[in-house]
Structure formats: C-alpha cells, structure tokens
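Here's a quick briefing to read alongside the structure.

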Amino acid sequence: MARKSKKTLDIEKWKRWREEGDRQTEIELVEQYLPLVNYVANRLSIGLPDTVDKEDLISFGRLGLLDALKKFDYTRGLQFETYGMWRIRGAMIDGLRENDVLPRSIRDKAKKIEEAYAQLEQQNLRAATDEEVSRHLNISLAELNQTMQDVSFASVFSLDEPIQDDEDQKHSRQSVIMDEHAERPELALHKDQQKRILAEAIERLPPKERTIISLFYYEECSLTEIAEIMGLSASRISQLHSKAIFRMRGALARAKDYLLNE
C-alpha cells in the first residue's frame, strides 16, 4: 500500500485536533512546529539591543505559536510554516514593546528619520542620500549612522500592530494584506497594490540596500551572513537595513489611501 504524504498526514492531525478534540494530537502539533519559535528568535535577535534576552523572545514566540495554531485554517490547503512565523514574529515584537524594551527616545528618533526619508523622497522623487537626510535633521553623518544603529529595532514592525486610517478606524497591518478565511475581492486588490508599491519602492532603493533586502527577506540570510557576503560589518548592514525599511514604510504611508480607504 502506498505511503501517505507528509501533507496528508498533517491534515489528518489537524482534523483529529479541531474536529475530534484530540488533546494528544494538539500536543504533537505544538511539538512539530515549536522549532519555528527558535528559528524566528534567532533571526530577530540579530541587531537587537544587548538588553533583550532571547529567552524572552522565545517565551513571547511560544504564545504566538499557540495563537497561530488555533487560528490557522487548515482546510485551505496552505502550509502552516509561513503563517506561523508571521504570528510568532508579531508576538515577539508586541511582547517586547509591551515590556518597554525600546525607550521612547529611540522611538522618537525613528519617527523623525522615517519622516525625513518620506519628505525628501516625495520632494525629490528619488531615494534620499545620507547627506540629504543628515542636513534635513541638522545632524552630522556620524550622528545619523549612530542614530540608525540605535533605532535598528524600531524599523521592525509587527503585522498585528494597529494602524489608523483617516476616519480614525483601527486596522491591523495583517488585515490589510491577508485574510485568514476568504479571499475577498477588495483584499485581493489591496494585496496586489501593496505588492506593486513595495516592488517599486525596492526598485528605487540604493544598490546595497536593495541587495540586503533581497538577501534578508528572499534568501533568508541572517544579517551576519549578509555582512560576510558583502564584506561589511554587521552594524553597517543593520544601518542599511533600517534605511531600506524606512524608505519602504514611507512609500506605504504615501499610498495609505490605496491600502485602506479605496
């Protein structure tokens, strides 16, 4: 008799847990996907302040994993890993924020830098240079680079982080780009628009930043691995990554009407 595929076996597990309430199967699923928590924690911990304990990340991530397991729609035939890592990563970042890991002063710096990139790029219709940003903020290049290092964690945001539209209605970033239960036409349109906007923003990035985004998010290299590939220090890679994220967030902010209010 032919052996069942791993995907078929996984679906059978989900059915036993969700439809039959099999507690042992729930434990098996948790154990099966628990390595995702360590994987996400290892990637996220790179570039975080030394005060952040990886065990805290793992603790937050486990809660995110449990939440993801409960909310995942296994009937759609999708892989759990991608969805699970989104939820785990979001839970880790939300947990750190709730515990005041990132000082408000650093958040304020991050906001000023993001606004500077958005304003200059909208004004000049191209990627802003370090010199232009430093002049705009009235700081030296050395201060800008140090500030970018300080706010490297602030450039990371959770998919579950609330954002508001012009009518003061709160949405999650995740609700903008995915629907857990159905592919409604308006959400499909929003996702297509977001992909287009991000693709255009990435295309406008300076070469080094574009390479880092490609290696980090598409090739899944760590910042340390990227530093080795590009022959730069890990701190410099972290700075460039932060700049790229700020530029892309600025592009999304300028397109907010398309993403939330169309």
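Helix 6 and helix 8 cross in a left-handed sense. Keep in mind that this is a predicted model.

**Helix 6 against helix 8**
- Helix 6 covers residues 104–124 and helix 8 covers residues 141–150; their axes sit 9 Å apart, at an angle of about 120 degrees.
- Is that parallel or oblique? With 65 to 115 degrees counting as roughly perpendicular and over 145 as roughly antiparallel, helix 6 and helix 8 are therefore oblique to each other.
- On the helix 6 side, the residues that meet helix 8 are I106, K109 and I113, and their partners there are T147, M148 and D150.
- Sorted by class, this contact of helix 6 with helix 8 comes out as three nonpolar, one polar and two charged residues.

**Helix 3 against helix 4**
- Here the axes of helix 3 and helix 4 come within 9 Å, crossing at roughly 135 degrees.
- This pair is therefore oblique as well, going by the angle between helix 3 and helix 4.
- The crossing of helix 3 with helix 4 is right-handed.
- Helix 3 brings V37, N38, A41, N42, L44 and S45 to the contact, while helix 4 brings K54, L57, I58, G61, R62 and L65.
- By class, the contact of helix 3 with helix 4 has six nonpolar, four polar and two charged residues.

- In soluble globular proteins, nonpolar side chains tend to be buried together.
- The largest nonpolar core in this model counts 25 residues, and W14, Y33, L69, F80 and M92 are the ones with the most contacts inside it.
- Leaving aside residues up to four places away in sequence, M92 touches V37, V40, A41, L44, L57, F60 and G61.
- Another core, of 12 residues, lies apart from the largest one, and its members include I113, L144, V151 and F246.

**A look at K208**
- K208 belongs to helix 11, which runs over residues 207–218.
- Its relative accessibility is 47%, so K208 counts as partly exposed.
- What does K208 touch, not counting residues up to four places away in sequence? The answer is M230 and L240.
- K208 and M230 are 22 residues apart along the chain, and their C-alpha atoms are separated by 8.6 Å.

Notes
Residues are numbered from 1 along each chain as its sequence is written. This is a predicted model: local features need pLDDT of at least 70, side-chain atom pairs count only at pLDDT 80 or more; totals for chains, interfaces and linings use all residues. Side-chain values use heavy atoms; hydrogens and water are left out. Helices (H or I, at least four residues) and strands (E, at least two) are DSSP runs, numbered from the N terminus. Buried means under 20% relative accessible area, exposed over 50%, partly exposed in between (1.4 Å probe, protein chains only). Contact means heavy atoms within 4.5 Å. Axes are lines fitted to C-alpha atoms, for helices over the stretch in contact, and angles run from 0 to 180 degrees between N-to-C directions. Angles under 35 degrees count as roughly parallel, over 145 as roughly antiparallel, 65 to 115 as roughly perpendicular and the rest as oblique. A crossing is left-handed if the near helix is turned anticlockwise from the far one by less than a right angle, and right-handed if clockwise. Ala, Val, Leu, Ile, Met, Phe, Trp, Tyr, Cys and Pro count as nonpolar, Asp, Glu, Lys and Arg as charged, and the others, Gly among them, as polar. A nonpolar core is a set of buried Ala, Val, Leu, Ile, Met, Phe, Trp, Tyr and Cys residues joined through side-chain atoms within 4.5 Å.
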